Amino acid sequence: MDKGGESVDIRSASKHYDAVRALDNVSLNVAPREFVSLLGPSGSGKTTLLGILGGFIPPSSGSIHFGDRDVTLLPPHKRDIGVVFQNYALFPHMSVGENVAFPLRARQLPKADWPDKVRAALAMVGLAGYESRGISQLSGGQRQRVALARAMIFEPRLILMDEPLSALDKQLREAMQIELRELHKRIGATIIYVTHDQREALTMSDRVAILKDGKLVQIDKPQRLHDHPADSFVASFIGEASLLPVRRADACSVVLGPAILRSTRPVPDGDELMLAVHSEKLLIDDGAGDAARNRLTGKVTDVVYQGESLRVFLQLADGTSLSLRQPSHYEAARRIPPLGGELTVTLHPEDTIVVPKARP
Ligand SMILES: Nc1ncnc2c1ncn2[C@@H]1O[C@H](COP(=O)(O)OP(=O)(O)O)[C@@H](O)[C@H]1O
Ligand SMILES: [Mg+2]
């Protein structure tokens with residue numbers, strides 16, 4: 001089923017609705033077979049960009065290229081793309097097989113070829129033998145698989161997905177994320193995937209594009225985004241980071257209240273800097289750790305039990321707050337003082353991330 005992936009080139013795409021800039025001068029290249037997620041809060045322009053790629057929304061300016069084809073003015077059915085939406089958009093009165101075959105009918109492919117193609121597409125999504133079932137007899141997860149099979153049936157080299165898993169409960173969603181990852185490797189298509197869930201984006205994507213107010217803020221591999229956020233918006237959106245205002249001391253250190261924190265990364269210039277502290281990077285100081293680690297002391301204001309881990313909230317002397325995570329096993333948990341007690345935590349200079357403060 002592997003026909004290879006399409007390359008996608010978005011050149012200065014904008015979409016304005018009167019005064020609203022739904023998408024603002026976004027340029028982005030996606031390589032063949034790449035899995036790229038568009039991640040951002042509600043209203044950041046994700047669906048608008050996907051709609052422009054699919055041909056459902058005409059851009060106000062800019063152009064879209066698939067391989068060496070300029071598709072900017074092509075209608076959706078001439079773009080050779082598979083599309084999956086959040087609400088499945090299945091036809092309730094048709095059987096599973098008829099739903100999956102629908103793109104073949106629309107393209108007027110010879111009817112004799114349909115059953116084999118439907119069988120192969122359903123097998124791909126783990127629904128072999130479901131051809132004659134009714135849509136109403138299926139669970140939410142199965143419906144989403146039917147929608148996937150339908151998007152893949154004509155073996156498109158580009159598949160667009162808009163929050164396809166958001167209607168599913170957490171467990172099923174996480175299982176489907178892994179399935180989609182594997183499916184992507186098997187079919188070799190390029191996938192552009194919209195989500196507002198950062199863990200979902202990190203789990204599945206080769207690269208993640210962060211959108212805010214219609215603008216592309218940063219595009220990078222998951223670990224790069226996590227460890228090298230472009231600004232405090234990205235840092236707040238990826239992972240679980242506390243953001244604390246700091247002052248630049250020199251090229252490799254910042255001032256936070258009474259403490260000077262060293263970083264192995266160059267501290268950016270600028271008046272408004274934030275320290276992004278990922279909660280898993282803070283360790284409780286047991287005095288035995290590396291002396292080069294930065295130290296912060298605060299009062300414990302809350303401890304939240306979350307199953308596999310505890311989230312501990314600390315308030316520093318200057319009133320700012322941060323949180324750290326501890327495994328919930330006995331040895332770790334017993335090192336957390338009671339509420340109001342003092343706790344010193346350490347942060348490695350390698351994990352000391354200083355970013356420019358994003359505009360609100
Ligand atoms: N048809 C439309 N008319 C007017 N404004 C729109 C329309 N579609 C989207 N918008 C606005 O454009 C912005 C981006 O929307 P959208 O792309 O749907 O965001 P997302 O998918 O990231 O939630 C929002 O402010 C939204 O209200
Ligand atoms: Mg949307």
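In this predicted model, the axes of helix α2 and helix α3 (residues 114–124) come within 10 Å and cross at roughly 115°. Axes are lines fitted to C-alpha atoms, for helices over the stretch in contact, and angles run from 0 to 180 degrees between N-to-C directions. Helices are DSSP runs (H or I, at least four residues) numbered from the N terminus. The crossing of α2 past α3 is right-handed, a term for a near helix turned clockwise from the far one by less than a right angle. On the α2 side, Val96, Gly97, Val100, Ala101, Leu104 and Arg105 meet Trp114, Lys117, Val118, Ala121 and Leu122 of α3, contact meaning heavy atoms within 4.5 Å. By class, this contact of α2 with α3 comprises eight nonpolar, one polar and two charged residues. Here Ala, Val, Leu, Ile, Met, Phe, Trp, Tyr, Cys and Pro count as nonpolar, Asp, Glu, Lys and Arg as charged, and the others, Gly among them, as polar.

Helix α2 (residues 96–106) also packs against helix α4 (residues 140–152), with axes that come within 7 Å and cross at roughly 30°. That angle makes α2 roughly parallel to α4, the term for angles under 35 degrees. The crossing is again described as right-handed. Val96, Asn99, Val100, Phe102 and Pro103 in α2 meet Val146, Ala149 and Arg150 in α4. The residues of this contact divide into six nonpolar, one polar and one charged.

For α4 and helix α5 (residues 170–187), the axes come within 12 Å and cross at roughly 20°; the two helices are therefore roughly parallel to each other. α4 passes α5 in a right-handed crossing. Gly141, Gln144, Arg145, Leu148 and Met152 of α4 meet Leu172, Met176, Glu179, Leu180, Leu183 and Ile187 of α5. Seven nonpolar, two polar and two charged residues form this contact.

The table lists polar contacts (pairs of N or O atoms within 3.5 Å).

| Residue | Protein atom | Distance to an oxygen atom of ligand 1 |
|---|---|---|
| Glycine 43 | backbone N or O | 2.7 Å |
| Glycine 45 | polar backbone atom | 3.0 Å |
| Threonine 48 | polar side-chain atom | 2.5 Å |

Residues are numbered from 1 along each chain as its sequence is written, and chains are lettered from A and ligands numbered from 1 in the order in which they are written. Local features need pLDDT of at least 70, side-chain atom pairs count only at pLDDT 80 or more, totals for chains, interfaces and linings use all residues, and side-chain values use heavy atoms, with hydrogens and water left out.

Conventions: Angles under 35 degrees count as roughly parallel, over 145 as roughly antiparallel, 65 to 115 as roughly perpendicular and the rest as oblique. A polar contact is a pair of N or O atoms within 3.5 Å; within protein, one must be able to donate a hydrogen and the other to accept it, and residues adjacent in sequence count only if both atoms are side-chain atoms.
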